[in-house]
Structure formats: structure tokens, C-alpha cells
Amino acid sequence: MPGTPSYPDAAIEISLAAGNLLRYHFENRVGFELKSEFDLVTEADRASEKLIIERLRRYFPTHSIQAEEGGGQEIGSEYRWYVDPLDGTTNFAHGYPAWSVTMGLEKNGEMIAGVVFDPTRNELFAAEKGAGAYLNGNRVHVSRVETLAASLSCTGFPNDSRKTNPNIHFYYQMAMETHGVRRGGSAAIDMAYTACGRLDAFWEIGLKPWDLAAGKLLVTEAGGAFSDMHGGAHSMKSPTMLADNGLVHEELLARFAAIFRGELRHPMPEIR
Ligand code: 2AM
Ligand code: CA
């Protein structure tokens, strides 16, 4: 179709437009409703998704789309867009400035383009398969930190499974053994930060494909490692994920293996 942008350019153009719409909602404190006990969905999630899907359909009518709020359609294409119209809705709804719009394109099961846009800081992270990862047009790489002890990592807790989520054990152990663990609230931003070296590692249990599709490509194109938390290959169906700079990968997996086995280095201290 004449005037159709390339896949990365389309992802950039559409996420900028959606992000600007989200920023308007954020600044005007548009109200939110409860999806379930802890799951928030705002008018902004839906407005952003509508904008993204309309534009994707216009540019690429034959592509499948999987979007968090359900507006996409699986149409059996070799191309599939994963869309999170607002990643970090809880932060957004509370007025906490750490949220993003993210979208990634898969071809025959392999990520080929991905974007994470943080409208609060005007930071656009973009990656294309084989062409590297970029922040506002400048090439980025993962960090060079070599040990877990010297690392800054990050994790998150999906809203619907917090009571049964084993991740608090990983969070606790890592917080005791490293420079610190952040809990950002937008998995897409956390992976983008791992790609550009602000974080050395990010892991999470229970993410959905739209949360991590773009982040996965960003981290691998920035020279990092991406696997599940046992060190196996990560697929969109994997229940766990680990992204890191590659240098701390083996040490991190060894610590995770010990935590999975219940060998906690720091047992619960007594409260005096
Ligand atoms: P969201 O804001 O788009 O829901 C927390 O690190 C991450 O978990 C966020 O990216 C958040 O994305 C995601 N998340 C929240 N609830 C979730 C759920 N029920 N299932 C999967 N991911 C979820
Ligand atoms: Ca979302």
C-alpha cells in the first residue's frame, strides 16, 4: 500500500500517538474503575488501545493483533502484533509517573520489531531484529556489571496473583545480596532499562506476551540474555522470564536454582 510505513516506523508512530493521548489523560487525572480486586483499568487503557488497533488495521489489515484489553483479532497471519496500550496501569491510576505504551511485532514466532514509549520522560525505546536497540535514536547496550553483588535489578508482581506468587522469595533474597531490587510497575520500561544498562537484570513471574514482546527484542538487540527463570529458552507461553546483561546470567540462574530448591541464604529473621 503506498504510504505504508516500515514495521518499526509504524510501531514508533503509533506508540507516540497513543502515548501522547495517555499523557493527556494522566495530566487531567481521568478516573479509573476496578477490573477486579487489584486490577485497574482506566478509560485511558481503552482509548489508547482503540487508537493503536485502528491504525494497525489501517496499515496492516492482514496482520493478527493480540491486545490486552481484547480489541485485537487472531486472523491466522504469519505476522502478529502484541499490544499493551498502557503498561503500568496501577501507577498511572495513582498518578505515579512510571507507565508506558508498548507494542511488538512477531513474524513466524520470532520478534522482529518492538517499541516502548515512556511519555513522562519522553523516552522512546525501539528495536528491530538484527539492527540493534535505540533510545531516542541513539544506539544502546546492556550494562557491563559482572557480579550479582554489584548489580541493580528489578522485578514485578502481576496484580491478579500476588497472594500465591512465589516471587516475594526471589525479591527478598536478591534484595539481601545485591545493590538493590527495584519494583517499577511497568515491565516494559523495566526491560527497556535493562536494554540500556540502567538495570543489570529484570525478572518476573506471570507476565503476558503483550507485556514483554517489545522488551524481549530490546534486551536481545542490546546484547543481553533472555530466558526463563530456570535458564531454558523463553517462549511467549513461558510462565517466568529473566532478562539481563548476559554477564550476570549464570550467577543469577545459580541463585535462582537454589531459591527454587528452597535453599534460602537469608531465613526470616526474628522480630525483636
Ligand atoms: P499492566 O499495567 O499492563 O497490567 C508489573 O511488573 C507488570 O505486571 C506490569 O507490566 C503490569 O502490566 C503487569 N500485570 C499486571 N496485572 C497483570 C496480570 N493480571 N497478568 C499479567 N501481567 C499483569
Ligand atoms: Ca496494560
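Predicted model: local features only at pLDDT ≥ 70, side-chain atom pairs only at ≥ 80, totals over all residues.
Visitor: What makes Asp84 a polar contact of ligand 1?

Guide: A polar side-chain atom of Asp84 lies 2.8 Å from an oxygen atom of the ligand. The cut-off for a pair of N or O atoms is 3.5 Å, so 2.8 Å qualifies as a polar contact.

Visitor: How do you know that Thr89 and Glu204 belong with ligand 1 too?

Guide: Thr89 uses its backbone: one of its N or O atoms lies 2.9 Å from an oxygen atom of ligand 1. Glu204 uses a polar side-chain atom, 2.8 Å from an oxygen atom of ligand 1. Both values fall within 3.5 Å, so both pairs count as polar contacts. As for cover, the protein hides 95% of the 480 Å² of accessible area that ligand 1 has on its own.

Visitor: Which residues come nearest to ligand 1?

Guide: There are 17 residues around ligand 1, and Asp84, Asp87, Gly88, Thr89 and Glu204 come nearest. Strand S4, residues 79-87, gives the most to this shell, with 3 residues.

Visitor: How many residues of the shell around ligand 1 are charged?

Guide: The shell has 7 charged residues, along with 6 polar and 4 nonpolar ones.

Visitor: Why is ligand 1 said to lie between domain 1 and domain 2?

Guide: Domain 1 (7-140) and domain 2 (148-260) both give residues to the shell around ligand 1, so the ligand lies between them.

Visitor: How far apart are the C-alpha centres of domain 1 and domain 2?

Guide: Those centres lie 20 Å apart. The contact between the domains takes 41 residues from domain 1 and 24 residues from domain 2.

Visitor: What makes strands S10 and S11 a pair?

Guide: Strand S10 (residues 152-155) and strand S11 (residues 180-182) share 3 bridges in the parallel sense. A pair needs at least two bridges, so 3 is enough. You can find one of these partners in the structure above: Leu152 is bridged to Gly180 in S11.

Visitor: How do you know that S10 also pairs with strand S12?

Guide: The reasoning repeats: 3 bridges join S10 to strand S12 (residues 201-205), and the cut-off is at least two, so they pair. These strands run parallel. Look for Cys154, which stands opposite Phe202 in S12.

Technical notes. Residues numbered from 1 in each chain as written. Chains lettered and ligands numbered in written order. Heavy atoms only, no water. Near = heavy atom within 4 Å. Polar contact = N/O pair within 3.5 Å; in protein donor to acceptor, adjacent residues only side chain to side chain. Areas by Shrake-Rupley, 256 points an atom, 1.4 Å probe, with all protein chains shown as cover. Helix = DSSP H or I, 4+ residues; strand = E, 2+ residues; numbered from the N terminus. Nonpolar A, V, L, I, M, F, W, Y, C, P; charged D, E, K, R; others polar. Domains from an automatic or database assignment. Contact = heavy atoms within 4.5 Å.
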